[in-house]
Amino acid sequence: MNNYLESERIILRILTSEDFTPLFNILSDEETVKYFVDRPFTEEKIKTMVNKVPQEHYAIVLKKEKLMVGYLDFYPWFMRDTYDIGWTIDKSYRNLGIVTEAATLLMIYAFEVLGTHRLVATCQPENIPSNRICKKLNMRLEGTFKKCIYDPNEDNWLDENLYAILKEEYENEN
Ligand SMILES: CC(C)(COP(=O)(O)OP(=O)(O)OC[C@H]1O[C@@H](n2cnc3c(N)ncnc32)[C@H](O)[C@@H]1OP(=O)(O)O)[C@@H](O)C(=O)NCCC(=O)NCCS
């Protein structure tokens with residue numbers, strides 16, 4: 001992973017132990033984590049996240065405010081040259097296009113620098129903003145996996161949408 005990526009409003013940089021407190025605050029909000037089956041996010045889980053080696057998350061930092069407001073997941077999927085991308089942002093900074101800007105930046109890096117073959121994203125069908133981001137990134141809905149995720153908090157099986165974009169699709173769009 002590149003340590004530092006920059007666009008108009010944001011910096012993406014590797015998540016570090018210094019992000020522990022803002023990350024803990026973001027993930028302590030019940031509404032923010034309602035689609036995460038591994039909720040609640042205890043201090044222990046956040047420590048594991050910020051200290052992960054190799055790191056699988058980028059901090060989203062607002063340039064002007066010098067504020068870490070969220071993060072992107074970015075890690076290899078099960079096939080070569082394939083990455084999973086995900087997103088979370090503090091509820092005070094939603095619907096400003098920040099995650100779309102951050103994910104676009106990471107997509108450019110993935111296809112143009114890393115030479116990624118395929119980028120995937122998953123989200124529950126009910127998670128409207130997350131599905132919307134996938135569409136704004138020109139990712140295709142490849143299918144809906146029925147009752148494929150178990151939520152221990154609710155003792156319930158959940159559906160999951162799988163989106164993807166191939167390098168050639170990205171190149172045709174740009
Ligand atoms: C999903 C999430 C990361 C989006 O971040 P964000 O910075 O607000 O995203 P953006 O502003 O770039 O885009 C959000 C889009 O969803 C749309 N949207 C949000 N709520 C909506 C709703 N209730 N109905 C219809 N559209 C909605 C916004 O209008 C925007 O689309 P637009 O640009 O076409 O208007 C944020 O809501 C979040 O952190 N949620 C909690 C964590 C989470 O669920 N992560 C994803 C797990 S798969």
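Pro 54 sits in the loop that runs between helix 2 and strand 3 (57-62); helices (H or I, at least four residues) and strands (E, at least two) are DSSP runs, numbered from the N terminus. The model is a predicted one, where local features need pLDDT of at least 70 and side-chain atom pairs count only at pLDDT 80 or more, while totals for chains, interfaces and linings use all residues. Residues are numbered from 1 along each chain as its sequence is written, and side-chain values use heavy atoms, with hydrogens and water left out.

Back to the loops. Val 53 and Pro 54 are joined by a cis peptide bond, with omega at about -10°. Another cis bond links Arg 39 to Pro 40, with omega about -5°, and Pro 40 belongs to the loop between helix 1 and helix 2 (43-50). Asp 81, in the loop between strand 4 (67-76) and strand 5, has a positive phi, near 55°, though this residue is not a glycine. For context, most residues other than glycine have a negative phi, and most peptide bonds are trans.

Now for the ligand, which sits in the largest pocket. A pocket here is an open set of points on a 1 Å grid over the protein atoms alone, where a 1.4 Å probe fits, with protein on both sides within 12 Å along at least five of seven lines; to sit in one, a molecule needs more than half of its atoms within 2 Å of its grid points. Strand 5 (82-89), helix 3 (98-112), strand 6 (118-123) and helix 4 (128-136) each give two or more residues to the shell around the ligand. Helix 4 gives the most, with 6 residues.

Of the 22 residues around the ligand (a heavy atom within 4 Å), Ile 89, Asn 95, Thr 100, Arg 132 and Lys 136 come nearest. By type, the shell splits into 11 nonpolar, 8 polar and 3 charged residues.

A backbone N or O atom of Ile 89 is 2.8 Å from one, and a polar side-chain atom of Asn 127 is 2.9 Å from one. For Leu 96, a backbone N or O atom lies 3.4 Å from a ligand oxygen. The protein covers 73% of the 970 Å² of accessible area (Shrake-Rupley method, 1.4 Å probe) that the ligand has on its own.

How values were computed:
A polar contact is a pair of N or O atoms within 3.5 Å; within protein, one must be able to donate a hydrogen and the other to accept it, and residues adjacent in sequence count only if both atoms are side-chain atoms. On a 1 Å grid over the protein atoms alone, a cavity is a set of points where a 1.4 Å probe fits but cannot get out, and a pocket is an open set with protein on both sides within 12 Å along at least five of seven lines; lining residues have an atom within 4 Å of a point. Ala, Val, Leu, Ile, Met, Phe, Trp, Tyr, Cys and Pro count as nonpolar, Asp, Glu, Lys and Arg as charged, and the others, Gly among them, as polar.
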